[in-house]
Amino acid sequence: MNYYYDVVLNFDLEHIWKFYEWEKDDYFTIVKKIPLFRVSFETICDFLNYEVQVDSDFCEQVAHQTVYKGNLDEFYASFLLSDSKNSIAVAINSNGFVEAISYLSILESNHLNEYMYTLTSSVIGYKKLNKRGVNHKNRQMEKMKNFVLVELNTLYDEKNVFKMKYLYYEWFLEEEEDISKMYQKMKKNLSTISLSMLQHLDYLIRLSYHQV
C-alpha cells in the first residue's frame, strides 16, 4: 500500500469546503500518515457527488492505517484519492459509508499530484447511493448575509427607525418611512443581494459598532 505523509485536512461532517473557504476556527485534522490511491477522475466525481459505501474488502484494507497527530483514531479509516490532477481525502465508518470528505490545500494538492505519476492506478469497489445536495453557496457570503439579517431583526425588534432608514437608503438609494415595509423589503432582497452591496452593508454595520 502507498502512503502520503504530513498533511492537514478539513473534515466537516456537513459540508465539503474548498480550500479557499477554510477558516481558522475550523477543526483541522493533522495526519502523519495516510493510505494513498491513484484512481480515475470518474471515481473522484462519484465520491464528491454521491453518498458512497466502499466494499468491505477495501474497508478492511484501509482500516486503522491512518496515523493522526496524537495517535488519535478520529475515524475508522481515511485515505487519499487522486487522478494526478484532482485530490481529495475521504473518511469512512466501519460499515464503509463515507462520513466526510476534505479537499487539500493548493500546495499539498500540487505536491501530491506530482507524486501520483509514479503510482499505478487502483480500482476501488464502491456503491453510489443517494446523490449529494450540491452546495453552491459561498461560505463567507452566507456568513455576511446572516450577520446583516441578525442586524435587521435586532433593529426591527427594537424599532430603531433611524438606523433602519440609514441602511435602507444605502441599500436602495430611496427613502421609506414605514419600518415594517423597510424590514420586509430588505429581508426579501437579502437572498439575491450582490456581493458588493453585501460587503458595503457589512462594513456599515460593523462601523456603527466600531468593529471594522
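In which helix is the place of Ile106? Ile106 has its place in helix α3, and the way to read such a label is that helices (H or I, at least four residues) and strands (E, at least two) are DSSP runs, numbered from the N terminus. The model is a predicted one, in which local features need pLDDT of at least 70 and side-chain atom pairs count only at pLDDT 80 or more, while totals for chains, interfaces and linings use all residues. Residues are numbered from 1 along each chain as its sequence is written, and side-chain values use heavy atoms, with hydrogens and water left out.

Ile106 counts as exposed because its relative accessibility is 55%, where buried means under 20% relative accessible area, exposed over 50%, and partly exposed in between (1.4 Å probe, protein chains only). The C-alpha atoms of Ile106 and Leu204 are separated by 33 Å, with the two residues 98 residues apart along the chain. Tyr115 is also placed in helix α3, which covers residues 106-116, and Tyr115 is partly exposed, with a relative accessible area of 32%. When residues up to four places away in sequence are not counted, Tyr115 touches Tyr3 and Leu36, contact here meaning heavy atoms within 4.5 Å. Between the C-alpha atoms of Tyr115 and Leu81, which are 34 residues apart along the chain, the separation is 12 Å.

Ser82 counts as buried, because its relative accessibility is 0%. Leaving aside neighbours within four places in sequence, Ser82 is in contact with Phe37, Arg38, Val39, Ile44, Ser87, Leu112, Asn113 and Met116. The side chain of Ser82 also reaches the backbone nitrogen of Ser84 at 3.0 Å; a polar contact of this kind is a pair of N or O atoms within 3.5 Å, and within protein one must be able to donate a hydrogen and the other to accept it, with residues adjacent in sequence counting only if both atoms are side-chain atoms. Ser84 itself is found in the loop between β5 and β6 (87-92), and Ser84 is buried, with a relative accessible area of 9%. Its phi is near 80°, a positive value in a residue other than glycine.

The next part of the picture concerns how helices meet. Helix α4 (residues 139-157) and helix α7 (residues 195-208) pack at an angle of about 50°, with their axes 10 Å apart; axes are lines fitted to C-alpha atoms, for helices over the stretch in contact, and angles run from 0 to 180 degrees between N-to-C directions. α4 and α7 are therefore oblique to each other, since angles under 35 degrees count as roughly parallel, over 145 as roughly antiparallel, 65 to 115 as roughly perpendicular and the rest as oblique. The contact is made by Met141, Met144, Lys145, Phe147, Val148 and Glu151 of α4 together with Leu195, Leu198, Gln199, Leu201, Asp202, Ile205 and Arg206 of α7.

Helix α4 also meets α5, and here the axes come within 9 Å and cross at roughly 140°, which makes α4 oblique to α5. On the α4 side Glu151, Leu152, Leu155 and Tyr156 take part, and they meet Lys163, Met164, Leu167 and Trp171 in α5. Lys159 is found in the loop between α4 and α5, and Lys159 is partly exposed, with a relative accessible area of 48%. Lys159 and Ser102 are 57 residues apart in sequence and 44 Å apart in space, C-alpha to C-alpha.

What angle do the axes of α5 and α6 make where they cross? The axes of helix α5 (residues 161-172) and helix α6 (residues 179-189) come within 10 Å and cross at roughly 45°, which makes α5 oblique to α6. Val161, Met164, Lys165, Leu167, Tyr168, Trp171 and Phe172 in α5 meet Ile179, Met182, Tyr183, Lys185, Met186 and Asn189 in α6. In the loop between α5 and α6 lies Leu173, a residue that has a positive phi of about 55° although it is not a glycine. Leu173 is exposed, with a relative accessible area of 64%.
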